[in-house]
Amino acid sequence: MKKANKRIYTVLLSLLIVTLLLSSPSYSLEIIYPKDNAEINAYSTFLVGNTDANANLRINNKRVKVYPNGAFVEVVDLTPGENRITITSSYSGTEKKLVY
């Protein structure tokens, strides 16, 4: 292989790898509602967020359904005062955890 062709091949291969890495969806866990440190004057609240569609999701150790688009919604009981909500998403050997 000529030196110029080898360089072109290397550049094209590098661009392909970078494109694949940038276009691959990343595994995430995000809470949309309520916002962190929100004050809620009620006995329960909705917890709305998203994660990987194939993830196993638990809120306060209770299994929660994840929809095909990765969205989830769950009613969480609250007590007067400060409440702690733990959200754990497990996917492909990786675990993400949020505490509210």
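Q: Thr51, is that one buried or exposed, and why?
A: In this predicted model, Thr51 counts as buried because its relative accessibility is 8%, where buried means under 20% relative accessible area, exposed over 50% and partly exposed in between (1.4 Å probe, protein chains only). Residues are numbered from 1 along each chain as its sequence is written. Local features need pLDDT of at least 70 and side-chain atom pairs pLDDT 80 or more, while totals for chains, interfaces and linings use all residues, and side-chain values use heavy atoms, without hydrogens and water.

Q: Which strand does Thr51 lie in?
A: Thr51 belongs to β2, which covers residues 44–51; strands are DSSP runs of E, at least two residues, and helices runs of H or I, at least four, numbered from the N terminus.

Q: And what does it touch?
A: Leaving out residues up to four places away in sequence, Thr51 touches Tyr27, Ser28, Leu29, Val66, Gly70, Phe72 and Ser89, with contact meaning heavy atoms within 4.5 Å.

Q: Which side chain makes a polar contact with that of Thr51?
A: That of Ser89, at 2.7 Å; such a contact pairs N or O atoms within 3.5 Å, one able to donate a hydrogen and the other to accept it, and residues adjacent in sequence count only if both atoms are side-chain atoms.

Q: Switching topic, what makes up the largest nonpolar core?
A: Twelve residues, among them Leu29, Val66, Phe72 and Ile85, the core being a set of buried Ala, Val, Leu, Ile, Met, Phe, Trp, Tyr and Cys residues joined through side-chain atoms within 4.5 Å. Strands β1 (29–33), β3 (56–59) and β5 (71–77) each supply at least two residues of this core.
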